[in-house]
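Have the model open while you read.

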Amino acid sequence: MKIDYINEITFIKGLKNGDSQAYTHLVETYHQRLCNYAFGLLGDNDLSEDIVQNVFIKIWKKRKKLKEDVDLKNYLYKSVYNGFIDYYRRNRPVFSLEKIHIDTLVVFVQEDSENSMERLISQVKMEIENLPPKCKQSFILSKQEGLTNIEIAEHLKISTKTVEGHITKAFTILRETLDAKMKGVFLLLFGKDFKQEI
């Protein structure tokens, strides 16, 4: 007989007791939402699936330790977020995730919409697209392509001072147009250099 897990406490009790129906309900209810959230952070479907699967496996292994009054949705999103942080620490040491970045980004876990991170990333990219053409070109070559100011100057056939001017102007515009959450996304996408500018 299928149990209707409308009551959260009954649902968590079922998980704690090793009820396979409760676990199936957990996966069916949250799998796609968590994958969307993870994809917003990572931009990679396979990695997102791996992180979410690991979260479900850990919950099953540690189910007996779950508190009956736990905010399960918040717990799941935080677990995915922690998996994302662990991934970057292990695999992308160049990408600096200092505590200030993590603190800034924790707010996304609280978002009601599972698509919130994807939406915010799209908004940030839109603001970059709206930059004046020369500023945008210099900014993208610097922050997305990783070129030095000298390399950009050679590529665009302009002086390094002009390149610096374009990038500074881009940061000034973005500082004025991005709200707090979008600035957090920017930190995520472009690392600690942006913290000093924004």
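Q: Why does Asp69 count as exposed?
A: Bear in mind that this is a predicted model. Asp69 has 69% relative accessibility, and exposed means over 50%, so Asp69 counts as exposed.

Q: Where is the place of Asp69?
A: Asp69 is in the loop between helix 3 (45-61) and helix 4 (72-91). Its C-alpha atom is separated by 8.3 Å from that of Ile12, although the two are 57 residues apart along the chain.

Q: What makes Leu76 a residue that stands out in the largest nonpolar core?
A: That core has 27 residues, and Leu76 is one of the four that touch the most other members, along with Leu26, Leu34 and Val80. Helix 1 (8-16), helix 2 (20-42), helix 3 and helix 4 each supply at least two residues of this core. Leaving out residues up to four places away in sequence, Leu76 touches Leu26, Tyr30, Leu34, Val55, Phe56 and Ile59. Contact means heavy atoms within 4.5 Å, so each of those partners meets that cut-off.

Q: Which residues lie nearest the centre of the second largest pocket?
A: Those are Asn54, Val55, Lys58, Ser79 and Gly83, out of 15 lining residues. Helix 3 and helix 4 are the elements that give two or more residues to this lining. About 310 Å³ of space lies in the pocket.

Q: How many residues in the lining of the second largest pocket are nonpolar, polar and charged?
A: The lining divides into six nonpolar, four polar and five charged residues.

Note on methods
Residues numbered from 1 in each chain as written. Predicted model: local features only at pLDDT ≥ 70, side-chain atom pairs only at ≥ 80, totals over all residues. Heavy atoms only, no water. Helix = DSSP H or I, 4+ residues; strand = E, 2+ residues; numbered from the N terminus. Buried < 20%, exposed > 50% of the residue type's maximum accessible area, 1.4 Å probe, protein only. 1 Å grid on protein atoms, 1.4 Å probe; cavity = no way out; pocket = protein on both sides within 12 Å on 5 of 7 lines; lining within 4 Å. Points joined across faces, edges and corners; volume = space filled by probe spheres on them. Nonpolar A, V, L, I, M, F, W, Y, C, P; charged D, E, K, R; others polar. Core = buried A, V, L, I, M, F, W, Y, C linked by side-chain atoms within 4.5 Å.
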